[in-house]
Amino acid sequence: MEFATWAYPWDILDEGPEQTVEQLRDIGIGEINLATNYHAVQTFSPRNPDRKTHFAHASSYFQPDDRYGTLAPTPYEGMDGDWVADIARQIDDLRLTSWTVGCHNSRLGMANRDVTLESPFGDDLVFGLCPSHPAVQTYLRALVGDLADRKEFDRIELETFDYFYGTGFGWHHQKIHAALGMLGEFLFGLCFCEHCREHATAADVDVAQARDTAVNTIEDLIAGRLPADTPPDQWLRQHPEVGAYVDVREDVLVDLYADLATVSGTTPLGYYVGTPDPGGEWMAGVDLDRIARHVDYYCLPAYESSREAVLDAYHTVDAFTSSVPLHVGLLPGHPAIHDGETVREIVDGLRRAEVPRVSFYNYGLLPEQSLDWIEAAIQ
Ligand SMILES: [Zn+2]
């Protein structure tokens, strides 16, 4: 079993890469999943010697090359040089993975509202770029190609290279006081941009009817005429016009992933699953079985509080993805886990399930005791 940790470049550079390498080796971790292109964030870094917080718009922590079109990563304003290159040079034989955020990018969305998701009501959902848009597809292909061609990474892991689910993941000071539930969140985020509508029309889907149904259902949820806990999959079976509209998105993503597999060359590709919940990836437009032809593995962040809950999530997703390995991510700290014994039990359960690789979230965000728990669990 291999062990990795997600990490932010500022935490590694502030600590000193040599120090980080030594610390990770002591713990038993052989790989860093480094944030290279990342969404807007505010972090709290309990062990960082130079800063306790990092606040940034969606940014890249590397200097993009000149292959991009209208959309390109925006290097973080506080970066001097290329932080990814600085780290890659200084981590010796630790393996390095690019932790890469795709469509969830409010900076690019605010500046390019025509490429964002469009709600059934016609709102621009600026936190998410729509992967049906040709300019967004060009951007995602360029991003993966740029990272792969740097030859710094043992793997490239893709986050939100899909139809970003829901109302925005807390972007920004989110104020929602209507009980939308998972169904309402899903339908509000269901994109009806020009390109999504075109694709669906070409597939003989009645787009107007699908849109009306989505709008009316959200209104019913708001008014309390439909329970907020209505399960989305059950609802969709009763509304085939929306089901057909949702299915078209899966075809678009399968084609996109075929392209990503090409531009990534020999660098293995992974995709983060489990959003909005394990087995609910279809809500982000992802058919796990078909995408599996174009990625080398999936990684399931399972930030649960018990061995049973982590293994439940693992087996739920694994049932959809037998053709590629399923890696697992754990959060061995607040608010998921508060003791070392639980970390040990979970890692032991995943070892027995023959999970090939476990990643811990996240090196710079965890306090000292969490690192001790990881070390003990690995041993
Ligand atoms: Zn769209």
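This is a predicted model: local features need pLDDT of at least 70, side-chain atom pairs count only at pLDDT 80 or more; totals for chains, interfaces and linings use all residues.
Which hand does the crossing of α5 and α10 have, left or right? The crossing is right-handed.

**α5 and α10**

Helix α5 (residues 134-149) packs on α10 at an angle of about 25°, and the two axes are 8 Å apart. Angles under 35 degrees count as roughly parallel, so α5 is roughly parallel to α10. On the α5 side the contact is made by Q137, L140, R141, V144, G145 and A148, and on the α10 side by L256, D259, L260 and V263. Six of these residues are nonpolar, two are polar and two are charged.

**α8 and α10**

Helix α8 (residues 207-223) also meets helix α10 (residues 240-263): their axes come within 8 Å and cross at roughly 110°. That makes α8 roughly perpendicular to α10. The crossing of α8 with α10 is left-handed. From α8, the residues V207, Q209, A210, T213 and A214 meet E241, V242 and Y245 of α10. This contact has five nonpolar residues, two polar and one charged.

**α6 and α8**

Helix α6 (residues 181-189) packs with α8 at about 145°, the axes being 10 Å apart. α6 passes α8 in a left-handed crossing. G181, L183, G184, L187 and F188 of α6 make the contact with A214, T217, I218 and L221 of α8. Here six residues are nonpolar, three are polar and none is charged.

The residue classes of the contacts are set out below.

| α5 with α10 | six residues | two residues | two residues |

Methods:
Residues are numbered from 1 along each chain as its sequence is written. Axes are lines fitted to C-alpha atoms, for helices over the stretch in contact, and angles run from 0 to 180 degrees between N-to-C directions. Helices (H or I, at least four residues) and strands (E, at least two) are DSSP runs, numbered from the N terminus. Angles under 35 degrees count as roughly parallel, over 145 as roughly antiparallel, 65 to 115 as roughly perpendicular and the rest as oblique. A crossing is left-handed if the near helix is turned anticlockwise from the far one by less than a right angle, and right-handed if clockwise. Two residues are in contact if their C-beta atoms, placed from the backbone, lie within 7 Å. Ala, Val, Leu, Ile, Met, Phe, Trp, Tyr, Cys and Pro count as nonpolar, Asp, Glu, Lys and Arg as charged, and the others, Gly among them, as polar.
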